[in-house]
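Subject: Structure handover

Hi,

Here is the structure I promised to pass on. My notes come after it.

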Number of protein chains: 4
Amino acid sequence: MVERVLRYGTERLNALSDGVFAIAMTLLVIDLKVPDLSGDELSRLPAELRGQVGSYLAYALSFYVIGQMWLAHHRLFRHIGAADARLLRMNLLLLMVIAVVPFPTSLLGHYGGQTWGVVPYAAAMVLLQVLFAAMWWWAHRHGLLVDAVESRREARAGIARSVAFGVVFAASIPLAFVDPDLAKYLWLLLAIVPWLIVRLVRRRTG
Amino acid sequence: MVERVLRYGTERLNALSDGVFAIAMTLLVIDLKVPDLSGDELSRLPAELRGQVGSYLAYALSFYVIGQMWLAHHRLFRHIGAADARLLRMNLLLLMVIAVVPFPTSLLGHYGGQTWGVVPYAAAMVLLQVLFAAMWWWAHRHGLLVDAVESRREARAGIARSVAFGVVFAASIPLAFVDPDLAKYLWLLLAIVPWLIVRLVRRRTG
Amino acid sequence: MVERVLRYGTERLNALSDGVFAIAMTLLVIDLKVPDLSGDELSRLPAELRGQVGSYLAYALSFYVIGQMWLAHHRLFRHIGAADARLLRMNLLLLMVIAVVPFPTSLLGHYGGQTWGVVPYAAAMVLLQVLFAAMWWWAHRHGLLVDAVESRREARAGIARSVAFGVVFAASIPLAFVDPDLAKYLWLLLAIVPWLIVRLVRRRTG
Amino acid sequence: MVERVLRYGTERLNALSDGVFAIAMTLLVIDLKVPDLSGDELSRLPAELRGQVGSYLAYALSFYVIGQMWLAHHRLFRHIGAADARLLRMNLLLLMVIAVVPFPTSLLGHYGGQTWGVVPYAAAMVLLQVLFAAMWWWAHRHGLLVDAVESRREARAGIARSVAFGVVFAASIPLAFVDPDLAKYLWLLLAIVPWLIVRLVRRRTG
């Protein structure tokens, strides 16, 4: 059976992914509009620009989040030497969510105090973490990792990190129905919990 | 004559294709809009988001269809070692249809019960399958495949698969003028028929 | 002096170019809009779609023209082994015009009977041909071509082809002020003249 | 400690960057619109096109500025053999600013006589120069440059050039609050000062 499975190089997977990441990162730039002012309204230019601050922040936040995902994707595929058809499909699913991230991020920026301003963002993050964990696990299980020792350690750390992030974001969804701000406070955990878990994993396996 | 024909590597063909695929996949993200609600309308946020469900589905469907086409393209060019000018042109024609797929897919999502909601999608699929079959056949005929034995088998399977898909989609077009739903039921055949044909081809040639 | 000149590989030049070509090719897809019809207007769907025929043709024409330019670019850089700073700049200028081609092409599609529907398209084509000729010539003069014999012959053919196309398009601009249709008839020459010239060049140098 | 630091190849960094550069360069093409004129308004076509001259100039200026940044990025990564996580992050930050450049450039094109038409552009340029200088410095400090002698000289020249540009743009910001035109006159210095500095650096280190 083993030799029947098709193996693909990762060049095109990476090329398509980098294209989708580049588009997703820059998508919210389109929302930045040059104000259309005539001669006697020119003094309103600073006020008009200040009125767009929400759009600037949404752009920066969205770029930051997708940038982090690109770093995670880069870290993952640094350790993957070949892809099978299933991994290509998981990656397509990941890209489908990545490309949509500017939308819930912008929702969060505009309606962060509302339940439904927080839930779509948290749901997208859960999905992304599930997919990253699944890809690490799949690559580990099917011998797609490049280097046995270092890559296996990285796979464990990667899965642990994704599970930790995923659990925190998942837990924040019911909380958002009680109080959207509470859900966002929970996300502050993300600054410490994952590192704890990663450290535990590294201690046990290292 | 043979040595007069220019051969191109497939790097730039793949790079251009991945760029067009990435753009086509993400095109319908632009349709997802953050609602613009003022203070006292905030309670309408969930309803506004629910009202966009059609756009979400159109995006997911379009991404899925183009993702499948990318997988088919990847499978094809895994077996192609070099391109001639004619293959470059066929690939450009394929990309022209790929980039347009979000439009008939969105039509299908919004007007799936209408004849002209179904016909453009079926027509685009016929075109894509004809082009895939033509490219497999051309590469096979002009010695552009990398590996004689495995690639020739894959070429036969690829052509058979494309012909089967193309025939089903072509047959659904006249049906759509009788009853658009009937046309869509016919597409369910695609879940079984092609595999049958591919299996037959593999048995005969394998 | 010679060894002071920086040489660049052409990978990034090609990557950036393929990205810009992909965006330019797909730009007019954005103009295709799914009609927004409510329940009792559904019978107007075919008419609405037919009303967009101009946009479909503009998309196809623009894709075709930029596809031809991509083929010319691919042909050029197949023979170029390295780039200097000047060639990078010429290529950037070329990309600036390439990205803008959908605009005059769409103008031509909509106002082909007007002087100013024809002139911007002809002017863009003149610019592109001048740039292609200049890049072939520069690469030839500064030893950036990969293979002395074959590449030099290709350079001559490439310059001759670009000059022929450029002259025909340039001549059509004053004609368009007399009669826009006359200008377009002149373009029919492009189907035969350049091949004549290329053949002459090949005979003299081959 | 040294061997714990992860090193990444620069292929994906360059691929993502070229994608973002391509999108940023072509972003303002979307502003060019084919006028929508009916039969008896056709004579207004030249006037309508002339009315868009501001958009043409904004596109050309934005393409030129981002093209220069691409050349600087290309020059930088020609000398970088590997990236660490910090350099990836700096590059993401750079791309975030690059993608946004069409917006302040278009502001400058439309409101160049206003303080707030000039300040965003100058601020973006300061940021970009700071980031370029930081990346040269980081790569130099952490042994990411490919060739000890030539690259170190280039690093010094690159930092000096960025600092010179950055200082001039930074100085123009307070000036713009006095007189926006004065700020733009200051930019003319950029045509001579940096070359002086670069020459000084080269003399001292060469």
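Below are the ground rules, then the chain, the contact and the symmetry.

This is a predicted model: local features need pLDDT of at least 70, side-chain atom pairs count only at pLDDT 80 or more, and totals for chains, interfaces and linings use all residues. Residues are numbered from 1 along each chain as its sequence is written, chains are lettered from A and ligands numbered from 1 in the order in which they are written, and side-chain values use heavy atoms, with hydrogens and water left out.

Chain A

Chain A has nine helices and zero strands. Helices (H or I, at least four residues) and strands (E, at least two) are DSSP runs, numbered from the N terminus. The C-alpha atoms of chain A fill a box of roughly 75 × 40 × 25 Å along the principal axes. Of its 206 residues, 53% are buried, meaning under 20% relative accessible area with a 1.4 Å probe and protein chains only. Contact means heavy atoms within 4.5 Å. Among contacts in chain A with a separation of 6 or more, 76% join residues 24 or more positions apart.

Chain A against chain B

The contact takes 29 residues from chain A and 36 residues from chain B. Together the two chains bury about 2,800 Å², 74% of it on carbon and sulfur atoms. Buried area is the accessible area (1.4 Å probe) that two parts lose on being put together, summed over both. R12(A), F103(A) and Y111(A) supply 28% of the area that chain A buries against chain B, more than any other three residues.

R12(A) also forms a salt bridge with D18(B), with the closest N and O atoms 2.8 Å apart. The count between chain A and chain B is one salt bridge (a side-chain nitrogen of Lys or Arg within 4 Å of a carboxyl oxygen of Asp or Glu).

Symmetry

Chain B can be laid on chain C with an RMSD of 0.0 Å, by a turn of 90° and a shift of 0.0 Å along the axis. The two copies are thus related as by a four-fold rotation axis. In chain B, the C-alpha nearest the axis is that of G19(B), 4.3 Å from it. Superposition is by least squares on C-alpha atoms of residues with pLDDT of at least 70 in both copies. Only 4% of the interface residues of chain B are also interface residues in chain C, so the copies meet through different surfaces.

Best wishes

Conventions: Buried means under 20% relative accessible area, exposed over 50%, partly exposed in between (1.4 Å probe, protein chains only).
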